[in-house]
Amino acid sequence: MRQFLLLISVILCGIIFIGRLFYLQVYKGSSNNLYEDNAIRKVWDYPKRGFVYDRNEQLLVGNQPSYDVMVIPREVGEFDVDEFCELLKISRETYDKKLNRARNHSPRLASPFLPQLSKADYAVLQEKMRKFEGFYIQKRPLRKYETTIGANVLGDIGEVNNRDIKRDPYYQMGDLKGKNGIEASYEKTLRGIKGIKFIQKDRFNRDIGPYKDKEFDSLPQQGKDITITIDSRLQAYGELLMKNKRGGVIAIEPSSGEILAMVAAPSYDPNILVGRERSKNYTKLLRDTIAKPLFNRSIQGVYEPGSPFKLINALIALQEDVITPDEKVTCYAGYKYGNRFMKCHCYRGKRNNMITGIQESCNAYFATTYRRILDKTGSASDGINTWSEHAKSFGLGNFLNNDLYVGQKGRIPDRSYYKRIYPKTFYSTYTISNAIGQGEVATTPIQLANMAAAIANRGYYYTPHVIKHIEDEKLPENFTKPKYTSIDTPHFEPVIEGMHAVYKNGTAKYLNIKDIDICGKTGTVENFAIIDSVRTQLTDHSIFLAFAPKDNPKIAIAVFVENGYWGSRFAGKVASLMIEKHIKGHITRTDLEEWLLKHSLENEYAKPYSGEPFNINGRTQLQIVEEREYYQLKRELNLLNTTNN
């Protein structure tokens, strides 16, 4: 019996030793556990991000080499810290702060100590790195923007935070990811896949070469290239026209939903958010709480749509059969309801049908139309729900489910919305301001541009998007399948005729472009702000919506200019010029162009804070500044035209 016990003990000991050897040499030596082995140093090999091209294959975003100083805190030895700080151009205090941060993250893992060195700094430092034990230089690609435009479209990349790392284990401390725009929306497509190298260390913690002849090493896979729908020439022109103004411009190709231009004003050069100055420049932009250059007004700005919304009310009225295109409504220089009066610039006694009602933007005509929609069944509560559903079928009052990184829903109210204000009785006159696109209706510029595209297509639209092509991939069906409105196709013709009349004889008759049939609608929206706790009326906003040509349209556009007086003054000029630029490729209405370049709205934006400017020799400070800015913009325009040619 003792002999058997001895034999069993020997066999068990042998099995234990064999199992331990298997664990150490096979399991623990596998790639899954190399990341935790302190005797092996891990070096990430970062891929190049995918390139970004515009619709004409113009390179917008590429890559440039960058060099990060990395540190492994527990391996930091004795050396001349002052010399090291001098080479890195940092203070001793900054050195201690960065080293403590890395040590708190992990004393044994590599952390970025000073990211994104320039080539010049790298060349000086590389020769002396051997003196600074525990530090090494890691190369990684950094973004290079080959343009100065489209910052709100292209976005930027920045260092990941703890939340990013928890959400996606792909990221490590110090990694970069898209923060805004295309860079964020298509982060997983553009970032590629990191490679890794395993370096064997000896007992003195010195590198002795690749682990197991690079058996577990992997090469980085470059991110995929993408082509976006933006026309960089049209984008640049739009940004030039919107200099010294605030607002948003969205231009869409109606036949595809592709966004041709997305202008947010004011904007900035995307290159200032690259490199070691990124943090400082980003903070400067963020702290500008007046102009808000980081606020993408073209997709985030929520405004009352004004008169362009009358087009929706006309279409709903036709669909609900409460008015015909030929029926005339008398305007008495406005519309009286109860003891109130909604003013209109039509002369007293003017009789408008649908086409002239749109042409002249008659408030009385559309107040009458709106009330008929709500009162059709005898219940305004049911009527406003019907009205709301029709309006929402144009993509209003909700997210468009596009590929833009940010956005706003806007607002199309229904009966439930008004329950808080009118819990019991509800009449159509309570919400009469909705008839002219004010009141509780709110939209974004991209929603208005999409609405224009739906009208141009006579009843359907494609989800607006900025992606045109991804390497080796197909576009999502959401971007290629049309969405239909609730309005029957025949009802669009009289509305389109009215929009065409706006340019022929109406509120935009001075904005015509030769040889292009443009359909449009001007808009003017009241503008209020709280100043010293008092609700104060400021200069009205300028809105314009259009598409062209009338048949087989190539572009639909919405322009919103804050404090722009009225629709045709600023927004209408921008829209007409961008339509001509897109269709003809050159500008014939140089008078409109010159006017926009010469006129700034900075004075309007300053009024709530500084009041009117002083007069100097009969001219205001504004006029003097405008002249200087005008000649500077003319130089930029000449340079832009030279580049395009």
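The model is a predicted one, in which local features need pLDDT of at least 70 and side-chain atom pairs count only at pLDDT 80 or more, whereas totals for chains, interfaces and linings use all residues. Residues are numbered from 1 along each chain as its sequence is written, and side-chain values use heavy atoms, with hydrogens and water left out.

Helices (H or I, at least four residues) and strands (E, at least two) are DSSP runs, numbered from the N terminus. Helix α10 covers residues 232–241 and helix α21 covers residues 571–584; they pack at an angle of about 160°, with axes 10 Å apart. Axes here are lines fitted to C-alpha atoms, for helices over the stretch in contact, and angles run from 0 to 180 degrees between N-to-C directions. The two helices α10 and α21 are therefore roughly antiparallel. As to the cut-offs, angles under 35 degrees count as roughly parallel, over 145 as roughly antiparallel, 65 to 115 as roughly perpendicular, and the rest as oblique. The crossing of α10 past α21 is right-handed. A crossing is called left-handed if the near helix is turned anticlockwise from the far one by less than a right angle, and right-handed if clockwise.

Which residues of α10 and α21 meet? From α10 they are Leu 234, Tyr 237, Gly 238 and Leu 241, and from α21 they are Val 574, Leu 577, Met 578, Lys 581 and His 582. By class, this contact of α10 with α21 divides into 6 nonpolar, 2 polar and 1 charged residues. Contact means heavy atoms within 4.5 Å. Ala, Val, Leu, Ile, Met, Phe, Trp, Tyr, Cys and Pro count as nonpolar, Asp, Glu, Lys and Arg as charged, and the others, Gly among them, as polar.

Helix α21 also packs with α22. Their axes come within 10 Å and cross at roughly 130°, which makes α21 oblique to α22. The crossing of α21 past α22 is left-handed. On the α21 side, Lys 573, Val 574, Ser 576 and Leu 577 meet Leu 592, Glu 593, Trp 595 and Leu 596 of α22. The contact of α21 with α22 comprises 5 nonpolar, 1 polar and 2 charged residues.

Glu 593 deserves a separate word. Is Glu 593 buried or exposed? Glu 593, in helix α22 (residues 590–598), is buried, with a relative accessible area of 8%. Buried means under 20% relative accessible area, exposed over 50%, and partly exposed in between (1.4 Å probe, protein chains only). Not counting residues up to four places away in sequence, Glu 593 touches Tyr 237, Leu 577, Ile 587 and Leu 637.

At 1.5 Å a residue, its 13 residues should span 18 Å, and the end C-alpha atoms of α20 are 18 Å apart, which agrees; the expected span is 1.5 Å times one less than the number of residues. Because 10 of the 13 residues of α20 are buried, this helix is largely enclosed by the rest of the structure. Among the buried residues are Phe 492, Pro 494, Met 499, His 500 and Tyr 503. Their cover includes α13, α14 (354–360), α18 (445–456), β18 (519–531), β19 (534–548) and α21. Glu 493, also in α20, is partly exposed, with a relative accessible area of 35%. Glu 493 and Ile 355 are 138 residues apart in sequence, yet 9.9 Å apart in space, C-alpha to C-alpha.

Helix α14 contains Glu 360, which counts as partly exposed at 21% relative accessibility. Apart from residues up to four places away in sequence, Glu 360 touches His 345, Cys 346, Lys 350, Asn 352 and Asn 505.

Helix α13 (residues 310–319) packs with helix α15 (residues 363–374) at an angle of about 45°, with axes 9 Å apart. The helices α13 and α15 are therefore oblique to each other, and their crossing is left-handed. Both α13 and α15 are included in what covers the buried residues of α16, as is α17 (415–418). Those buried residues of α16 include Ile 384, Trp 387 and His 390.

Finally, a strand residue: Gln 138 is found in β5 (residues 135–145) and is buried, with a relative accessible area of 4%. Leaving aside neighbours within four places in sequence, Gln 138 is in contact with several residues, including Trp 44, Tyr 67 and Asp 68.
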